[in-house]
Amino acid sequence: MKIALLLTILLAFIALSFACDEFNPNISTIGECTATQKVSWKPTDNAQVLTPADLDPQELGMHEERMAYVLAIAKQQNKKFVASIYHQNGTLMCLGVNTGKPNIISHGEIVAINNCTALHGITSFTNYTLYTSGEPCAMCSAALLWADFKTIVWGTFNSDLLCKICMSNIPMDSSYIFGRYYGLRASPPRVIGGVLRTEADAWFGSYCSKPTSIYYIKPQCVCTNTTSPLKIDQTRYSSWFENGKTVSQFGGIITNTGSVTVTNPTFTSSPLRPNSIWGLAVDETKNTWALQWYPVIQPGQTFSFGYIIDGEDQIAFQPTA
Ligand SMILES: [Zn+2]
């Protein structure tokens, strides 16, 4: 009886092995590329990262409230990286704090995921949103994609953490990983960066002057000037002789041509100096100029200034980004 059973199983295996083509990666053509072709990844764009300006006030308000809670926990525990996970019905499920324990890869996001599994038995996060004080690093971005999070929200950007805060990090935007979602799932996560960015940046502070800190690293970044939305038009109103020399009066109008309010703009200038000026104030040590009055220019609004200078040449002002 036993032998008959074994014989049947053996026959079934032999039949199966004849029925299926044996897969040989050197000669078989199964999938997208033929066996003789070289295989590589298709060019892929990074995932879109939404910012607060892209959200309606109601959604932004919700994210800000939850981010404020994450930052409050961070301050309470005096830890930089804190994450939280919410169910899509609005329930806060778990928190994760990067305390460096039990080991160095216990980042806030990883700790939060592990807490959710331990507390609630959650193994996949399709219906969940993750918040984190700092943008997910390369390791955590991949973990969040594997975990299948629907939405991911952060305060401070990786590029700022490394390049401006001098905090050690893998130099990669999480959108690089999130844009490659198609290897795991049908649609990308909804990615929102910079929620309560100013508060989060302030909480991270700066390690640039603390080279003995365990977080410190000397950044290796590319710095490019951004284009200022401010346009400066100048007009020479008049010139006259005074004490044997030519003197001119100029008027200037600064226009915000962008869609974002500009606060505390500064300007560099040619070395020419006026005899008197109104509307702008110079910082001689930095060779920069600031607005003398309420230093806020809304989109479409203008700010006027004027000066009197020896000669007929205007001072060439340039906005500093
Ligand atoms: Zn991480």
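The legends below describe close-up views of one predicted protein model.

Residue numbers start at 1 in each chain and follow the sequence as written. Because the model is predicted, local features need pLDDT of at least 70 and side-chain atom pairs count only at pLDDT 80 or more, while totals for chains, interfaces and linings use all residues.

**View 1. The two domains of the protein chain.**
The domain assignment of the protein chain gives domain 1 (52-204) and domain 2 (230-320). Such bounds come from an automatic or database domain assignment. A distance of 44 Å separates the C-alpha centres of domain 1 and domain 2.

**View 2. The open sheet of 5 strands.**
The strand order in this sheet is β2-β1-β3-β4-β5, and the pairing is mixed. β2 (92-97) and β5 (190-192) are the edge strands; each has a single partner strand, so one side of each lacks a neighbour in the sheet. On average, neighbouring strands of this sheet are turned by 15 degrees against each other, direction ignored. Helices (H or I, at least four residues) and strands (E, at least two) are DSSP runs, numbered from the N terminus. Two strands pair if DSSP finds at least two bridges between them. Axes are lines fitted to C-alpha atoms, for helices over the stretch in contact, and angles run from 0 to 180 degrees between N-to-C directions.

**View 3. Strand β4 and its partners.**
Strand β4 (residues 151-156) is mostly covered, with 5 of its 6 residues buried. A residue is buried if 20 or more other C-beta atoms lie within 10 Å of its own, exposed if 12 or fewer, and partly exposed in between, with C-beta atoms placed from the backbone. β3 and β4 run parallel and are joined by 5 bridges; G134 stands opposite T156 in β4. Between β3 and β4 the chain passes through helix α4 (residues 138-147), and this β-α-β crossover is right-handed. A crossover is right-handed if, with the strands pointing away from the viewer, the path from the first strand over the helix to the second runs clockwise. Towards β5, strand β4 has 3 bridges, again with the two strands parallel. Here T151 faces R190 in β5, and I152 faces V191 in β5.

Helix α2 (residues 57-77) lies across β1 (82-87), β2, β3 (128-134), β4 and β5, and runs at about 140 degrees to β1. Helix α7 (residues 197-204) lies across β3 and β4, at about 60 degrees to β4. Two residues are in contact if their C-beta atoms, placed from the backbone, lie within 7 Å.

**View 4. A cis peptide bond at P102.**
The peptide bond from K101 to P102 is cis, and omega is near 5 degrees. P102 is in the loop between β2 and α3 (108-120).

Strand β6 (residues 230-242) and strand β7 (residues 245-256) are antiparallel and pair over 12 bridges. L230 stands opposite N256 in β7. The hairpin has 2 residues between the strands, and N243 takes a positive phi near 50 degrees. β7 also pairs with strand β14 (residues 302-310), in the antiparallel sense and over 9 bridges. In this pairing S248 stands opposite I309 in β14.

**View 5. The open sheet of 4 strands.**
The strands of this sheet follow the order β11-β12-β9-β15, with antiparallel pairing. β11 (280-283) and β15 (317-319) are the edge strands, and each pairs on one side only. Neighbouring strands here are turned by 35 degrees against each other on average, direction ignored. β11 and strand β12 (residues 288-291) run antiparallel and are joined by 4 bridges. L280 has L291 in β12 as its bridge partner.

**View 6. Two loop asparagines with positive phi.**
N264 lies in the loop between β8 (262-263) and β9 (266-269). Its phi is near 50 degrees, a positive value in a residue other than glycine. N264 is exposed, with 9 other C-beta atoms within 10 Å. N287 lies in the loop between β11 and β12. The phi of N287 is near 55 degrees, a positive value in a residue other than glycine. N287 is exposed, with 12 other C-beta atoms within 10 Å.
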